[in-house]
Structure formats: C-alpha cells, structure tokens
Amino acid sequence: MIPMEQRELGRTGRNVSVVGQGTWQLGGDWGDVREADALGVLDAAVGAGVTFFDTADVYGDGRSEQLIGRYLKERPDAGIFVATKMGRRADQVPENYTLENFRVWNDRSRANLGVDTLDLVQLHCPPTPVYSSDEVYDALDTLVAEQRIAAYAVSVETCAEALTAIARPGVASVQIILNPFRLKPLDEVLPAAREAGVGIIARVPLASGLLSGKYTADTVFAPGDHRTYNRHGEAFDQGETFSGVDYGTGVAAAAEFAALAPEGATPAQTALRWIIQQPGVTSVIPGARSTEQARANAAAAALDPLPQSTLDAVRDLYDRRFRAAVHDRW
C-alpha cells in the first residue's frame, strides 16, 4: 500500500485518507460495471493508499454495499473506514424519517456490508425539514446507543442544510458538493465546520466527469446513466448531475479549467488537488469505473499544492460562468 495523508473525520475520532473512493458508479447508475471490475477498483484504490469508502443503501439497490462487504471479507486487514447513507428507500417526506425505519434500513446495510456496527451512517439528502428535527437526531442517537452505528452524519444538497446540521452536537461530518464549479461552500460551510470540529466530505468532485476534460458537447451517455436521465433534475436533485450546471456551459468551462493543470497532472487530478487543499476538507470521494481511474485519483494526494495564481483563476472561472446560475440555488 502506498502511504497517503490521513485526516481526522470530524467527530468520529477516526482518520481517513484525503482521497477516498466513491462507489456510486459500482451500483450501476453510471452504466454497467462487472463485479470483477468493481472489486478491482476497490483493490486498486486501497493499493494506492485509500482507506475510506463512501457508499449508500440505494446505489444499485444495495449492490455497491454488497460489493464493499465482499471486499472487506476478503481483505479484513485493509483497515477501511466505510461511510454509507440511508433515507432514500422511502418516499421523501419527513414523516418517513423515524427510528423504526432507521432500524430497518440499518439492518439491511449491516447485512450488505457484513458488519455488526457501521462506521458512519449519513442521512441521504433528506427533505430540508429533517435537518431541524429533534426526533430525527434522537433516533440517530439511539442507533449509536444500540451500537448499530458508531457515528452519524448528513449528506446535503444546500449550504443552508449543511449549516443547520453542523449546529447539532452529534453530527460527525457533512458531505457536500464541492468542486471548482461549486464554490459556495467555501464562504460559510467550511469555516463553520472547522469551528465546530465537523468533518467535510467533498462529493461530486469532478462535476460528474466534466472536470476530467474528456467530454464534448457531442458526448452521448448510456440511457441508464444519470447524466442522461437526470440532466435537468428529472429523477432527483439536479445538483447531483454535472453539479447542476448546464452541460454545454460545463463542457466549455472544463476546457478552460484543463489549461490550468500543472505539468504532469491531469485536469481531474488538478480538480481533486484543488479540493484537498481547501481549509476544512477532510476527504474527497471521486468515483472510478476502472483500476486506472482509481489509481490516478489517489495520485492527486501526492501533487504539490496549487499556487495562488491557479486558485485565483478557478475563482475567476466560477464567477464568470457559474455564480449567477449556481450560487443562489445551492
């Protein structure tokens, strides 16, 4: 295993790698991934120093969790911290966020992952009122007391939701969209999280692949890929797909961003490096569908910090192309 910088994940008291492995892709919502290939991605990530997997109970209807569970059984020595999510197995109304449902969802995730106690469970972008519900946090505290989970957290769509969750003393971390096309969390969320000792997990770090620089205006994605069926928020929040930015604008901006990559680094690695060095970020969780992608993502942790001139150029790019469309919404 190649050593990678580790950072404490907020109130969990546990350390995780600064580049983690997102596993939405392994569930099948980005096109088909064979089981052997999925396990190969996990092993390649671990070999490159990753100690943090992020998943959810709805990724492939549990397939992602099951694949991770199989890998953990085969590699009990790997020391992997696994964060999963719950809440999306029911209609998205606050009334469904109950202790009874939490126990049912929790039992399923523990079985999928093959563990008695889950390292971290995150509410999976629930309805906004859930973040302010005393009953919800009481139920999560009960799961901790029952040793079903070691800690709990939230995954959010908006900065306002993140700030509400950070104010709760039991919330260990917040998972939020952060990338060079989504800068709003830098204004208030990251400073508030640092002050409270709450971890920050940066998701959708490559804007659904836009920041890899591999796509053009003519790229066609598979019908089962969310970049086809959710481009305008038809199935779930639009912010989950291309970070909510217009695809054509995103492609043009990605070409501009690619020119900022330092020698020897890809645009994707540059985007990951930019996230890693934002004060308050604990870990970034890019996905991967191949071993090569997993290793390349992990290698971003070893890049030199980007100079101030690059940071300024990213801010200018965001201000020109995305602030008006994205900043007020999320």
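Which residue in strand 8 is the bridge partner of Tyr-152? That partner is Val-171. The model is a predicted one, in which local features need pLDDT of at least 70 and side-chain atom pairs count only at pLDDT 80 or more, while totals for chains, interfaces and linings use all residues. Residues are numbered from 1 along each chain as its sequence is written, and side-chain values use heavy atoms, with hydrogens and water left out.

A quick word on names before the sheet itself. Helices (H or I, at least four residues) and strands (E, at least two) are DSSP runs, numbered from the N terminus. Two strands count as paired if DSSP finds at least two bridges between them.

Strand 8 (residues 171-177) is mostly covered, with seven of its seven residues buried; here buried means under 20% relative accessible area, exposed means over 50%, and partly exposed is in between (1.4 Å probe, protein chains only). Strand 7 (residues 152-155) runs parallel to strand 8 and is joined to it by three bridges. To get from strand 7 to strand 8, the chain passes through helix 6 (residues 159-166), and this β-α-β crossover is right-handed. Right-handed means that, with the strands pointing away from the viewer, the path from the first strand over the helix to the second runs clockwise. Five bridges link strand 8 to strand 9 (residues 199-203), again in parallel, and Gln-175 stands opposite Ile-201 of strand 9. Strand 8, helix 7 (residues 189-196) and strand 9 also form a right-handed β-α-β unit. Strand 9 then pairs with strand 10 in the parallel sense over two bridges, where Ala-202 is found opposite Val-284.

Next comes helix 4 (residues 99-113). Its 15 residues reach 21 Å from the first C-alpha to the last, close to the 21 Å expected at 1.5 Å a residue; the expected span is 1.5 Å times one less than the number of residues. Phe-102, Trp-105, Asn-106, Ser-109, Arg-110, Asn-112 and Leu-113 are buried in helix 4. Seen down the helix axis, these buried residues fall within an arc of 155°, so they line one face of helix 4; the arc is that of the directions from the helix axis to the C-beta atoms. Glu-100 and Ala-111, on the other side of helix 4, are exposed. What do the buried residues of helix 4 pack against? They pack against helix 3 (63-74), strand 5 (81-86), strand 6 (120-124) and helix 5 (134-145), where contact means heavy atoms within 4.5 Å. Just after helix 4, Gly-114 takes a positive phi of about 70°. On the way from strand 5 to helix 4, the loop holds Asp-91, which counts as exposed because its relative accessibility is 60%.

Helix 9 (residues 247-258) has 12 residues and reaches 16 Å from first C-alpha to last, close to the 16 Å expected. Its buried residues are Tyr-247, Gly-250, Val-251, Ala-253, Ala-254 and Phe-257, and they pack against helix 10 (267-276) and helix 12 (308-321). At the start of helix 9, a side-chain oxygen of Asp-246 comes to within 3.3 Å of the backbone nitrogen of Gly-248.

Arg-7 lies in strand 1 (residues 6-8) and counts as buried because its relative accessibility is 19%. A polar atom of the Arg-7 side chain lies 3.0 Å from the backbone oxygen of Ile-276, and one lies 2.8 Å from the backbone oxygen of Val-281. Leaving aside neighbours within four places in sequence, Arg-7 is in contact with several residues, among them Arg-14, Asn-15 and Thr-282. Is Pro-305 buried or exposed? Pro-305 is exposed, with a relative accessible area of 57%, and its place is in the loop between helix 11 (291-299) and helix 12. Apart from neighbours within four places in sequence, Pro-305 is in contact with Arg-273 and Gln-277.

Technical notes
Polar contact = N/O pair within 3.5 Å; in protein donor to acceptor, adjacent residues only side chain to side chain.
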